[in-house]
Amino acid sequence: MTTSSTTGVDTCADSCARHPRCSIFKFNTITSLCTMFVPDTFLPVSSGTLLSGERLYAMTNGWCPVEYGYIYLKNVHMCIWTSSTLATHDSAVSQCGLRGGRLVVLAGTQRWEAIKTLTIKHGIRMYVGADDKAVDGTFVWNNGHLVNDSEWNPYEPNGLSGENCVTTNGRLIDVACGNALF
Ligand SMILES: [Ca+2]
């Protein structure tokens with residue numbers, strides 16, 4: 001955490017935006033004090049399959065509870081949680097919802113890369129936040145955006161009405177929603 005005097009909230013916001021590790025700031029309108037919350041410690045987190053002796057660490061952050069196993073991805077501004085047990089799509093959706101989140105939306109190259117690093121390299125097959133439950137054949141991300149045709153694995157989607165949910169191996173694959181995935 002660093003505090004400095006600035007001319008206004010915009011300057012404070014700018015300072016945070018320019019700081020590679022600032023993710024939250026506070027501005028006092030009376031004293032003009034700008035406080036940037038810069039994580040400076042790492043905490044161990046659990047995610048996926050690690051080799052013997054390997055430990056995964058995440059930067060502590062004011063809003064992403066890494067102490068409870070969440071992972072904060074600074075570069076893509078994502079706070080994610082990965083389940084250690086398999087679940088159907090409905091169960092995965094509700095597990096995310098209970099934590100105030102949702103299945104991950106792979107919007108943007110950086111997010112794809114970040115999720116790949118965390119899950120695919122560890123061999124985790126998980127549900128992502130897209131399905132065609134509303135209109136069969138029209139896959140939609142849970143943020144309302146249509147799934148781009150170029151995001152599919154070759155020959156996918158191929159499940160017609162039998163595969164309405166989506167997983168990823170780096171590209172998208174439609175699967176049956178009753179499958180037990182992470
Ligand atoms: Ca398929």
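Mentor: The chain holds three helices and 11 strands, where helices (H or I, at least four residues) and strands (E, at least two) are DSSP runs numbered from the N terminus. This is a predicted model, in which local features need pLDDT of at least 70, side-chain atom pairs count only at pLDDT 80 or more, and totals for chains, interfaces and linings use all residues. Residues are numbered from 1 along each chain as its sequence is written.

Trainee: Which residues touch the most other members of the largest nonpolar core?

Mentor: A nonpolar core is a set of buried Ala, Val, Leu, Ile, Met, Phe, Trp, Tyr and Cys residues joined through C-beta atoms within 7 Å, and buried means that 20 or more other C-beta atoms lie within 10 Å of the residue's own, with C-beta atoms placed from the backbone. Strand E8 (127-131) and strand E10 (165-168) are among the elements that give two or more residues to this core. Of its 23 residues, those touching the most other members are Tyr 127, Val 128, Ala 130 and Val 166.

Trainee: In which sense do E8 and E10 pair?

Mentor: Two strands pair if DSSP finds at least two bridges between them, and E8 and E10 are joined by two bridges. Asp 131 stands opposite Cys 165 in E10. The sense of the E8 and E10 pairing is antiparallel.

Trainee: Which residue in the turn between E10 and E11 has a positive phi?

Mentor: E10 and E11 run antiparallel and are joined by four bridges, with Thr 168 partnered by Leu 172 in E11. Three residues lie between the two strands of this hairpin, and the one with a positive phi, of about 120 degrees, is Gly 170.

Key:
A residue is buried if 20 or more other C-beta atoms lie within 10 Å of its own, exposed if 12 or fewer, and partly exposed in between; C-beta atoms are placed from the backbone.
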